[in-house]
Amino acid sequence: MKKRLNIIFNIVIPTIVGYATFFLLFYLFQKLFYEYRWLAIIPFIIVTGFIIKDNMREWKVIRQQG
């Protein structure tokens, strides 16, 4: 049970928050800079990179715990 809670609180919730942030930024880019909306890929790459790095670290910690 503790392992599931660790996965939910340390991997799932930050991932959801990260992508929610991305979609908010994408929406703003689309409304404010319609011609340059392809620039929204920059926050997507940053969010995706951070989430992958953070999730890999969390998986290592969870595996070591048992």
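Where is the kink of about 30° in H1 centred?

**View 1. The kink in helix H1 is centred on Ile-8.** The model is predicted; local features require pLDDT of at least 70, side-chain atom pairs count only at pLDDT 80 or more, and totals for chains, interfaces and linings use all residues. Residues are numbered from 1 along each chain as its sequence is written, and side-chain values use heavy atoms, with hydrogens and water left out. The bend at Ile-8 is about 30°, the bend at a residue being the angle between axes fitted to the seven residues ending there and the seven starting there. Helices are DSSP runs (H or I, at least four residues), numbered from the N terminus. H1 comprises 31 residues and reaches 44 Å from its first C-alpha to its last, close to the 45 Å expected at 1.5 Å a residue; the expected span is 1.5 Å times one less than the number of residues.

**View 2. The buried residues of H1 pack against H2.** Buried denotes under 20% relative accessible area, exposed over 50%, and partly exposed in between (1.4 Å probe, protein chains only). In H1 the buried residues are Asn-6, Ile-11, Thr-15, Gly-18 and Phe-22. The buried residues of H2 pack in turn against H1; among them are Val-47, Ile-51 and Ile-62. H2 contains 25 residues and reaches 36 Å from its first C-alpha to its last, close to the expected 36 Å.

View 3. Asn-55 lies in H2, residues 41-65. The residue is buried, with a relative accessible area of 16%.

**View 4. Asp-54 and Arg-57 form a salt bridge between their side chains.** The distance is 2.2 Å, N to O, and the structure holds one salt bridge, defined as a side-chain nitrogen of Lys or Arg within 4 Å of a carboxyl oxygen of Asp or Glu. Both residues lie in H2, three residues apart, about one turn of the helix. An α-helix has 3.6 residues a turn, so residues three or four places apart point the same way. Asp-54 is buried, with a relative accessible area of 10%.

**View 5. Lys-3 is located in helix H1, residues 2-32.** Lys-3 is partly exposed, with a relative accessible area of 43%. Lys-3 and Lys-53 are 50 residues apart in sequence and 19 Å apart in space, C-alpha to C-alpha.

Key. Helix = DSSP H or I, 4+ residues; strand = E, 2+ residues; numbered from the N terminus. Contact = heavy atoms within 4.5 Å.
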